[in-house]
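Please keep the sequence and the model in view while reading.

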Amino acid sequence: MKSAKLSSWLALAAWLLVMTMAQACAAQIEKTPHNFAAGAGKDGRPANPCTFCHTPHNGTVNRALWNHSLPGTTYKLYESPTLKARVEQPTGASRLCLSCHDGTIALEQMQGPARTKAAGFSKGKSSLSKDLSDDHPISFRYDSTLALNRGELTDPAILSSRTRLDEAGEMQCTTCHDPHQEKNEKFLVVDNRSSQLCRTCHQMRGWQLSLHATSTAQVRASGLSASSAAHYSTVAENGCASCHRVHSAGRPHDLLNFDSESKSCFSCHTAGGSAKDLQREFRKFSAHPLEQSESIHNSKEDPRSMSRHVACSDCH
């Protein structure tokens, strides 16, 4: 009898905990762009923002009781000569994110009823499309072997608790983004000023003492690509984002802001830029012909067989 009562109390406590967490989560979502709820419920309160993504019954998959239709898309995946991970078609939380963010399924296409103000398809910066080759790789196993083989990666055993891998030990969208709260811009789990989030995983040798990491030079808005994540006032604050873009990169396999290495370098190293004007030097009669070999260089090229070219990173 006592055991039955204890079980009942534990069940009630668990239910109350779940309800409290759900209410807290809903309160956080209400203040973010992920609040697509519209109208009022039967009690006159605003519609539940959770039901746009989740449903208590008949979800599309067991995971997260997902309320949105899932894409049957085969994506073009990220590739790079330095990539050591085996990148698969999106799985887990990333597949759920893409049910809105690949722009192929209407936002209002849901399994269960929900009052929503969402309509049409995801567009602009929020639409990653079916081409993920210009986005940071996802859905790959991030383990100690990968960290050792790739080099300059944090061993996942000591990753920050805020940058979590999923239950399969894979990096997903949710490693960098928390869809339920926007404490930092773009739902980032860590403020990326001075590349704090990037450096959680990427431990580049010599970076912290380099000029690109310490420069207080002001960044011109015109020196950034249209959808670059870089937006802070100085080179040091922008950090990695001064040159790289996590989503919709101009040059995919390096995730560069622009479609060529020299354009990315000259976005700062030009007249009126935030750094020494080097572009002027390459306009002289005698100079390395960078423009004749754009987007050829890669960090793993073999000098014995590579195409003839010269790029900034051949020397720097």
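The sections below move from the overall fold to individual residues and their contacts.

## Basis of the report

The structure is a predicted model, in which local features need pLDDT of at least 70 and side-chain atom pairs count only at pLDDT 80 or more, while totals for chains, interfaces and linings use all residues. Residues are numbered from 1 along each chain as its sequence is written, and side-chain values use heavy atoms, with hydrogens and water left out.

## Overall architecture

The protein contains nine helices and two strands. Helices (H or I, at least four residues) and strands (E, at least two) are DSSP runs, numbered from the N terminus. Read from the N terminus, the order of the elements is α-α-β-α-β-α-α-α-α-α-α.

Of the 316 residues in the protein, 38% are buried. Here, buried means under 20% relative accessible area, exposed means over 50%, and partly exposed lies in between (1.4 Å probe, protein chains only). The accessible surface of the protein is about 19,000 Å², and carbon and sulfur atoms account for 56% of it. Accessible areas come from the Shrake-Rupley method with a 1.4 Å probe; for residues, only the protein chains shown count as cover.

A contact means heavy atoms within 4.5 Å. Among contacts between residues at least 6 apart in sequence, 54% join residues at least 24 apart.

Helix α2 spans residues 92-101, and its buried residues include A93, S94, L96, L98, S99 and C100. Part of the cover over the buried residues of α2 comes from α4 (173-176). Just after α2, G103 has a positive phi of about 70°.

In soluble globular proteins, nonpolar side chains tend to be buried together. A nonpolar core is a set of buried Ala, Val, Leu, Ile, Met, Phe, Trp, Tyr and Cys residues joined through side-chain atoms within 4.5 Å. The largest such core has 10 residues, namely A85, V87, F140, Y142, L146, A147, L153, L159, M171 and C201. A second, separate core has six residues, among them F36, C100, L107 and A118.

## The aromatic pair

How many aromatic pairs does the structure hold? There is one. Rings of Phe, Tyr and Trp (its six-membered ring) pair if their centres lie within 6.5 Å; planes under 30 degrees apart count as stacked, over 60 as edge-to-face and the rest as tilted. The ring centres of F36 and F52 are 4.5 Å apart and their planes stand at 35°, so the pair is tilted.

Both F36 and F52 lie in the loop between α1 (2-29) and α2, 16 residues apart. Both residues are buried.

## Salt bridges

Side chains of opposite charge can pair when their charged atoms come close. A salt bridge is a side-chain nitrogen of Lys or Arg within 4 Å of a carboxyl oxygen of Asp or Glu, and the structure holds seven of them. One of these joins E88 and R86, with the closest N and O atoms 2.9 Å apart. E88 is partly exposed at 35% relative accessibility, whereas R86 is exposed at 69%.

Another salt bridge joins R193 and E237, with the closest N and O atoms 2.8 Å apart. This pair links distant parts of the chain, since R193 is in the loop between α4 and α5 and E237 is in helix α7, 44 residues apart. R193 is partly exposed, at 33% relative accessibility. A further salt bridge, at 2.8 Å from N to O, connects R251 and D254. Salt bridges with shared partners join R251, D254 and E261 into one network.

## Two loop residues

Q181 is situated in the loop between α4 and α5 (198-201). The side chains of Q181 and D178 are joined by a polar contact of 2.9 Å. A polar contact is a pair of N or O atoms within 3.5 Å; within protein, one must be able to donate a hydrogen and the other to accept it, and residues adjacent in sequence count only if both atoms are side-chain atoms. Apart from its neighbours within four places in sequence, Q181 is in contact with Q28, T32 and F187.

F258 lies in the loop between α7 (235-238) and α8 (261-266). Is F258 buried or partly exposed? At 21% relative accessibility, F258 counts as partly exposed. The C-alpha atoms of F258 and C243 are separated by 8.2 Å, and the two residues are 15 residues apart along the chain.
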